[in-house]
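User: I would like to learn how to read strand pairing and salt bridges in a model like this one. Could you take me through them in turn?

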Amino acid sequence: MSAVLEVRSPYSGDVVGELPRTGASALGQVVSAAAAAAEEMRLLPAHARGVILERAAAAIDADRAELARIITAEQGKHVAEAVAEADRIAGIVRLCGEEARRITGEVLAMDAAAVSTGRLGFTMPAPLGVVAAITPFNYPAILVIHKIGPALAAGNAVILKPASATPLTAAFLVDRLAGAGLPEGALQLIAGAGSELGRRLCADPRVRKISFTGGYEAGAAIAAAAGPKRLTCELGSNAALVVLEDADLDRAARAIAFSGFTNAGQNCVSTQRVLVHRRVAGELIPRLLEHVDALVPGNPAEPATTLSPVIDERNAERVVRWMRDARESGARLLRGGERDGTVVQPGVVVEPPVDAAIWREELFGPAVAIRTVEDDDQALAGANSTRFGLAMSVMTRDVDRALRFAKGLRAGIVNVNPPRGSTWRADHMPWGGLADSGFGKEGVRYAVRDSLEDRLVVIHPGDAR
């Protein structure tokens with residue numbers, strides 16, 4: 001195997017950069033360096049961690065145009081989406097710096113029990129030590145910084161394993177963070193195949209927490225290798241959006257189009273399934289098709305492009321095959337079903353069978369599938385008939401129905417009348433799913449707390465027995 005990891009454009013196939021590949025034999029040295037740095041990080045006071053993160057945020061902000069260029073080059077996001085992603089990163093790092101200063105324990109009500117009356121008890125949050133962050137390709141800056149920023153804010157050392165398709169963005173962020181004053185070894189990047197590095201890293205007993213975003217099968221393998229340690233896993237989704245007959249149909253069509261096709265549908269909360277009341281399906285679908293027909297697939301570096309390529313030809317072929325399979329099973333394929341290399345034509349599939357892959361599994365591509373429903377009960381049952389549970393949405397003007405769906409949709413995130421479908425996130429809010437979508441929460445404050453462990457201190461008076 002080559003000692004260098006070449007990174008290629010998903011659109012052209014050209015080499016856009018390279019990184020030294022981390023060999024399995026070197027991984028032990030990486031973890032040893034992280035374990036040593038974790039002791040230094042543990043001694044850094046909160047204000048010092050906050051200052052480091054503020055410096056890093058300023059450095060990232062100053063170079064955000066370069067960050068956007070790298071995202072487009074290696075991930076294939078078109079220019080506008082890459083700029084939008086790059087523009088969020090410094091703000092997330094600043095949030096991490098703020099949360100570093102907000103870490104507090106809790107004073108316990110020791111007189112709640114007779115045996116502890118007269119004693120003072122409190123908790124002291126402490127960093128876990130070494131955190132492994134394993135990230136996917138689809139949001140190579142946002143999903144990296146949401147893992148490494150909170151872990152550093154909590155006082156841990158971090159080993160980052162980014163997706164092999166998108167390590168250059170991760171290297172950019174690691175360079176800015178390390179250059180802001182982190183102890184040597186406190187943030188390290190390893191590059192190479194997850195099958196070679198990931199399992200060995202996760203099994204190392206010196207790694208005390210793993211934060212992983214990716215597919216269910218990979219997550220299951222990581223959990224099995226990890227053993228008894230802290231795990232945060234986001235393992236995919238198949239997001240449903242329900243459109244009731246009283247919904248604002250123009251808003252619903254815009255939301256579906258944005259959520260279903262942003263980043264070529266390569267989004268864990270991308271709207272994939274649409275359940276629309278039969279009475280308004282005939283009005284919603286033409287509105288949606290107007291948005292789909294306005295998309296401009298092509299070279300992501302061209303400003304006119306509005307639909308990105310998918311990450312590689314293997315996935316492009318799979319997305320097209322799932323659309324064609326649905327058509328052969330009786331669905332109507334109103335748009336899509338073709339590709340030019342990694343550029344997949346946007347798809348709209350109507351009434352696929354419930355056992356069709358495009359309805360049942362996570363597509364991670366630029367297509368939406370639509371089925372009609374007769375009433376709210378059928379809509380709820382249809383939306384919940386999935387093994388995933390990350391994000392779902394409902395469109396309705398009726399607050400009582402909105403509350404029913406908010407309670408009834410089995411997902412970690414439920415949006416009511418979202419202007420961008422399920423593809424909406426504020427970086428401070430809790431983020432995580434149910435069922436096969438994983439467990440644990442991200443979102444800066446929640447991720448910081450999950451990177452700490454509470455230690456109990458009890459002070460006993462001199463006359464205590």
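Analyst: Two strands are taken to pair if DSSP finds at least two bridges between them, and helices (H or I, at least four residues) and strands (E, at least two) are DSSP runs, numbered from the N terminus. This is a predicted model, in which local features need pLDDT of at least 70 and side-chain atom pairs count only at pLDDT 80 or more, while totals for chains, interfaces and linings use all residues. Residues are numbered from 1 along each chain as its sequence is written, and side-chain values use heavy atoms, with hydrogens and water left out.

User: Which residue in β4 is the bridge partner of Val107?

Analyst: Strands of a sheet pair through backbone hydrogen bonds, either parallel or antiparallel. Here Val107 has Phe122 of β4 as its bridge partner, and β3 pairs with β4 (residues 120–127) in the antiparallel sense over two bridges. The open sheet of three strands runs in the order β3-β4-β22; β3 (107–108) and β22 (452–459) each have a single partner strand, so one side of each lacks a neighbour in the sheet.

User: How many salt bridges does the structure hold?

Analyst: A salt bridge is a side-chain nitrogen of Lys or Arg within 4 Å of a carboxyl oxygen of Asp or Glu, and the structure holds 33 of them. One of these joins Arg335 and Asp293, at 2.7 Å from N to O, linking strand β12 (residues 332–335) with helix α10 (residues 278–293) across 42 residues of chain.

User: Is Arg335 buried, exposed or partly exposed?

Analyst: Buried means under 20% relative accessible area, exposed over 50%, and partly exposed in between (1.4 Å probe, protein chains only). Arg335, at 29%, is partly exposed, and Asp293, at 46%, is also partly exposed.
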